[in-house]
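Me: I would like to go through this protein with you. Could we begin once the structure is on the screen?
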Amino acid sequence: MRRRSLARRLLTAIAGPVVAAGLVLVAPSHALAQDNGLARTPPMGWNDWNSFACNVDETLIKQTADLFVSSGLKDAGYTYVNVDDCWMAPNRDGNGNLAADPVKFPSGMKSLADYVHARGLKFGIYESAGTTTCQNLPGSLGHEQADANSFSAWGVDYLKYDF
């Protein structure tokens with residue numbers, strides 16, 4: 001009780017009675033969470049965009065996954081290797097599905113996800129909620145279910161869905 005009254009006096013002296021009263025009313029309580037093993041830490045990993053923008057390819061992603069393991073980043077909890085914009089071909093395939101850029105990702109996204117998973121890491125991918133991505137590549141608008149099915153079939157663990 002003594003702590004709370006001291007905290008209240010400090011808040012009142014610093015911020016005034018209205019702010020102090022408001023802060024007391026919205027004081028946080030204990031968080032309630034399921035103890036199911038999920039999200040014990042924030043998702044930690046790497047996204048290629050800030051370092052490479054559209055200069056990304058299969059080799060870079062594989063080297064990054066290997067580096068996560070060899071450098072100890074994986075053991076420190078950094079588990080996501082995420083591919084941002086520019087991974088996809090400029091047009092959807094004949095069935096209207098997203099496809100990997102055949103020059104940058106000749107083995108395809110399923111193969112790349114399998115490579116990342118084989119190292120005990122998780123694979124993330126980027127897509128846009130609009131008709132195109134920021135780099136004018138195919139977006140998901142009007143293809144949401146088909147794209148979600150593709151990401152699932154490829155083994156994608158994390159989706160950065162830009163809007």
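Me: Is C54 buried, partly exposed or exposed?
Reply: C54 has a relative accessibility of 22%, so C54 counts as partly exposed. Buried means under 20% relative accessible area, exposed over 50%, and partly exposed in between, with a 1.4 Å probe and protein chains only. Please note that this is a predicted model, in which local features need pLDDT of at least 70 and side-chain atom pairs pLDDT 80 or more, while totals for chains, interfaces and linings use all residues. Residues are numbered from 1 along each chain as its sequence is written, and side-chain values use heavy atoms, leaving out hydrogens and water.

Me: Which residue forms a disulfide with C54?
Reply: C54 is joined to C86, with 1.7 Å between the two sulfur atoms. A disulfide is defined here as a pair of cysteine sulfur atoms within 2.5 Å. In general, a disulfide is a covalent bond between the sulfur atoms of two cysteines. The structure holds 1 disulfide.

Me: Where do the two cysteines lie?
Reply: C54 is in the loop between α3 (49–52) and α4 (58–70), and C86 is in the loop between β2 and α5. They are 32 residues apart, and the pair links distant parts of the chain. Helices (H or I, at least four residues) and strands (E, at least two) are DSSP runs, numbered from the N terminus. C86 counts as buried because its relative accessibility is 3%.

Me: Which parts does the pair of W87 and W154 tie together?
Reply: W87 lies in the loop between β2 (80–83) and α5 (108–118), and W154 in helix α6 (residues 144–154), so the pair ties together parts 67 residues apart in sequence. W87 is buried at 0% relative accessibility, and W154 is buried at 14%. Ring pairs link W87, F151 and W154 into a cluster.

Me: What about Y115: which charged residues sit over its ring?
Reply: The charged end of K62 sits over the Y115 ring, 5.0 Å from its centre, and R119 lies over the face of Y115 at 3.5 Å from the ring centre. The criterion is NZ of Lys or CZ of Arg within 6 Å of the ring centre and within 35 degrees of the ring normal.

Me: Last one: how many helices and strands does the protein have?
Reply: The protein has 6 helices and 4 strands. Along the sequence they follow the pattern α-α-β-α-α-β-α-β-α-β. Of the 163 residues in the protein, 31% are buried.

Methods
Phe/Tyr/Trp six-rings, centres within 6.5 Å; stacked < 30°, edge-to-face > 60°.
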